[in-house]
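This report looks at how one chain is built and how its parts pack together. The sequence and the structure come first, and the description follows.

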Amino acid sequence: MDEKGLRQLIGEVKRGRVTRRQFIQRMVGLGLTAPLAAQMLAYSGIAQAQAKSAYKPTKRGGGGALKVLWWQGATLLNPHFAVGTKDQEGSRIFYEPLAAWDPDGELVPILAAEIPSTQNGGLAADGKSVTWKLKKGVRWHDGKPFTADDVVFNWEYASDPASATVTIGSYKDVRVEKLDSHTVRVHFPKAAPFWADAFVSTRGMIIPKHLFEAYKGAKSREAPTNLKPVGTGPYKFVDFRPGDMVRGQINNDYHEANRPYFDSIEMKGGGDAVSAARAVMQTGEFDYAWNVQVEDEILLRMEKEGKGHADIVAGGNIEFIQLNTTDPWTEVEGERASIKTRHPLLADAAVRDALNLLVDRQAVQDHIYGRTGVATRNFLNNPQRFRSKNTKWEFSVDKANQLLETAGWKRGSDGIRAKDGKKLKFVFQTSINAPRQKTQQIIKQACQKAGIDLELKAVTASVFFSSDVANTDTYTKFYCDIQMYTTTMTQPDPQVFMDQYLTSLVSSKENKWQGRNITRWRSEDYDKAWYAAENELDPVKRAALFMRMNDLAIEARAVIPVVFRPRVGAVSNKLHAPTSGWDNDFWLLKDWYRDA
Amino acid sequence: MGRYVLRRLLIAIPSLIGISIVLFTVLALAPGDPFEELATNPNVPAEVRANLRAQFGLDDPVTVRYVRWFGSMMNGDWGFSFASRIDVDQLILQRLPVTLFVIGSSQILALLIALPIGVYAATRPYSLFDQIANTFAFIGFSLPTFFTGILFILVFSIQLDWLPFVYRTDIAATGWRWWWEHGKQALMPVAVLGLFQGASWTRYVRSAVLDVIRLDYVTTARSKGLREIAVVVKHVVRNALIPVVTLVALQMPAIFGGAIVTEQIFRVPGIGSLLISAILANDTPVIMAVTFVFSCLVILFNLLADLLYGWLDPRISYH
């Protein structure tokens, strides 16, 4: 269905000839599904029914202690300093953002009174500003009221380079203005279709002005509140030991009725993922365990005990294979894999196509990842409104053989194909991690049958993922033919995620290999689509642009997607813990409760 | 004696400086930086990381960083952790009591096992008791703690469901109940470490006692008609203990250093787990502080062991 068809359909919903439900069902059939449909309708002025929360308790407190296990403990509790998710999660117990991302990649108001939209006047028609209305009657844990001043202060605090915040990227280019005591407006330098970055989700937790004001800038490390957070969240601070334990107790003044359910919360850190899963699913010592990166087989076995289950929620992370477009073995101007070169073997489209046919994604899913890695044909998988239906994948050694044969790659006496004296031999690298080494094996075996020789290389993760300029084994240098790893998508908007094929971001010596385009694949069409999406305010057109970008990269075989990796947590069977792949595990901590 | 101690302490200074230089250089050469996690997050621009590195002085040459670290260390400033932005001494002090308790009790347990069993086995060499003790000692120190740790968890926590396997410093209970809960959770880590240590010490005690018990003066003591217990305790054990004391004294720094593997398995928030998480996060100030304190303790306890010799064996004198 093209853009015109979509618009007609939306029109019919407006006129009442097609119900919301029917519309969404038809979209599901098209592969766009509910969230896109909902967003399209919202954009076209059709109100979205507020999702009903599944929260059952009818009074505040009385739930006892909530015990959660993070195998990497939180090391600090200031959200603006949070280096990793563990720190964000620790902070999220006490601090809240204006809005959070639900599992479908939709915004849910937390400290905001409502989500800005074109109907309620929150979104400017030119896309250059967004107005947030704040919830009234919210109090900090020390009793002071939460107002627009706090929100404006967070922008000042985070955007000050001297404060050394990690969140500075979300705040430095915007300007925040206070309209009245409970309204703020965020101004963008240019039209921003994705306006929900500052004050939202992981980077949007609001810290109190009255306690941090004196510690803005160079003195930011000295604030006593860095270690003793005073927030607006459902639990109040009790005790914190970096890397070990965060404790909180019920906030009886919480701004939502009947919440929270638990009287106290304990977030224990340390150990490893497998035993964390055990503590929830086998012994029941804990109620929840974060990020249990454990083989699905083990998870399934633990689930049989009947005490807990794995909570699997889709996000945007994807395990994929990159094919180098440049020559990693020749040095040009002091740099290997320079964009002035072309890969001697992979420049042949037939070879790239053959490799694409030789990755048995289903086998990788079935034998290695199970529920924690789903075979995919797309690079951009989620939210579903951006998932392309145009691509496909298959595994066929015969077809690969045929392709290579017709392209003139003939088998030599050693069974390896060659053309013009060049043998089809590649070095295939990844980080050391059991599932990755197994995946490498599966691909190597298939390639062998097609006359391609893969030399497998595994690099320690701390080296592979480091940004050490002096090391030749880092993934951003990509000094080899093929590599595989997981790239993360931390927010539901793909703009930042999709920048990894931009010509301007090619990883090179010049930018100390910090450029995000690691395959060094370049396409004018791609660049055009990306820059168009950056300022495209129409969500339908924008979604189409992202699908096009995905298709371009996939069809050019710049990358071969393998499996997308949902997030996995271990949850006690009695606990109700809504999780989201687009936000912290604690995004809706206020709604967690346990069956009596 | 006083001059001897003074001389030893003076010798220790250059070795400590040497140790700190080696540690610092090795850490500087190791790949990775404390803001690694930011690099893989597409929403954090590369400048943010570069900025943080510059602000924390990570871009300066190693020599400059070393001199700065050394200077502030001399002034008693241990620096602050890059990961948690908290002063390092505060972090270490938070972890120390747990480590002292868990590792300390495991060493006591080890001594309680090793001394009586080793001595008794040596007084009756090649008896059935000796054979059994030997076999168990062999098994005990052949099994690494990460293996016994997991085995204990599987048996006592998962199969039998008797003991918790997550160690918590904050137990919401008071009085007897607090002690009971604390004992329950400490039992497994203490047993794992204590049995391992005890097994190897048993072997040492046994061979040390065996060496002494055959000497002529022991025969003399026996022929004087002294009771067996007096012979063993007063005449044999005191002399046999000298090598054992060295061993035990050299083991003492470990009480402060923590047990990395065991602490990790049982989630004991001690110095060992602090060190390992600091290493994983490339948190140089914390790694430096912990390892440096550890080397100071090693040197100190070496000296202490030497001084103990003199007390145990008056024939040894110091020059």
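## Terms and model

Two residues are taken to be in contact if their C-beta atoms, placed from the backbone, lie within 7 Å. The model described here is predicted.

## Contacts of A:Ala277 and the nonpolar cores

With its neighbours within four places in sequence left aside, A:Ala277 is in contact with A:Ala289, A:Val292, A:Val294, A:Leu299, A:Met302 and A:Ala570. A:Ala277 is also listed, together with A:Leu69, A:Ala99, A:Val280, A:Ala289, A:Ala570 and B:Val209, among the residues with the most contacts inside the largest nonpolar core, which has 157 residues. The largest share of this core, 13 residues, is supplied by helix H5 (residues 88–123) of chain B.

## Overall build of chain B

Chain B contains 13 helices and 0 strands, and its pattern along the sequence is accordingly written α-α-α-α-α-α-α-α-α-α-α-α-α. The C-alpha trace of chain B spans about 85 × 60 × 35 Å along its principal axes, and 35% of the 319 residues of the chain count as buried. Among the contacts in chain B with a separation of 6 or more, 71% are accounted for by residues 24 or more positions apart.

## Packing of H1(B) against H13(B)

Helix H1 (residues 2–29) of chain B and helix H13 (residues 284–312) of chain B have axes that come within 10 Å and cross at roughly 150°. Angles over 145 degrees count as roughly antiparallel, and H1(B) and H13(B) are therefore roughly antiparallel to each other. The crossing in which H1(B) passes H13(B) is right-handed.

On the side of H1(B), the residues that meet H13(B) include B:Arg8, B:Ala12, B:Leu16, B:Ile19, B:Leu23 and B:Phe24, while those on H13(B) include B:Ile287, B:Met288, B:Phe292, B:Cys296, B:Ile299 and B:Leu303. By class, the residues of this contact between H1(B) and H13(B) divide into 12 nonpolar, 5 polar and 1 charged.

## Contact between chains B and A

The contact between the two chains takes 41 residues from chain B and 44 residues from chain A. On the side of chain B that touches chain A, the elements giving two or more residues are helix H2 (36–39), helix H3 (46–55), H5, helix H7 (145–159) and helix H12 (271–280) of chain B, and the largest share, 5 residues, comes from H3(B). This side of chain B has 21 nonpolar, 13 polar and 7 charged residues.

Technical notes:
Residues are numbered from 1 along each chain as its sequence is written. Chains are lettered from A and ligands numbered from 1 in the order in which they are written. This is a predicted model: local features need pLDDT of at least 70, side-chain atom pairs count only at pLDDT 80 or more; totals for chains, interfaces and linings use all residues. Helices (H or I, at least four residues) and strands (E, at least two) are DSSP runs, numbered from the N terminus. A residue is buried if 20 or more other C-beta atoms lie within 10 Å of its own, exposed if 12 or fewer, and partly exposed in between; C-beta atoms are placed from the backbone. Axes are lines fitted to C-alpha atoms, for helices over the stretch in contact, and angles run from 0 to 180 degrees between N-to-C directions. Angles under 35 degrees count as roughly parallel, over 145 as roughly antiparallel, 65 to 115 as roughly perpendicular and the rest as oblique. A crossing is left-handed if the near helix is turned anticlockwise from the far one by less than a right angle, and right-handed if clockwise. Ala, Val, Leu, Ile, Met, Phe, Trp, Tyr, Cys and Pro count as nonpolar, Asp, Glu, Lys and Arg as charged, and the others, Gly among them, as polar. A nonpolar core is a set of buried Ala, Val, Leu, Ile, Met, Phe, Trp, Tyr and Cys residues joined through C-beta atoms within 7 Å.
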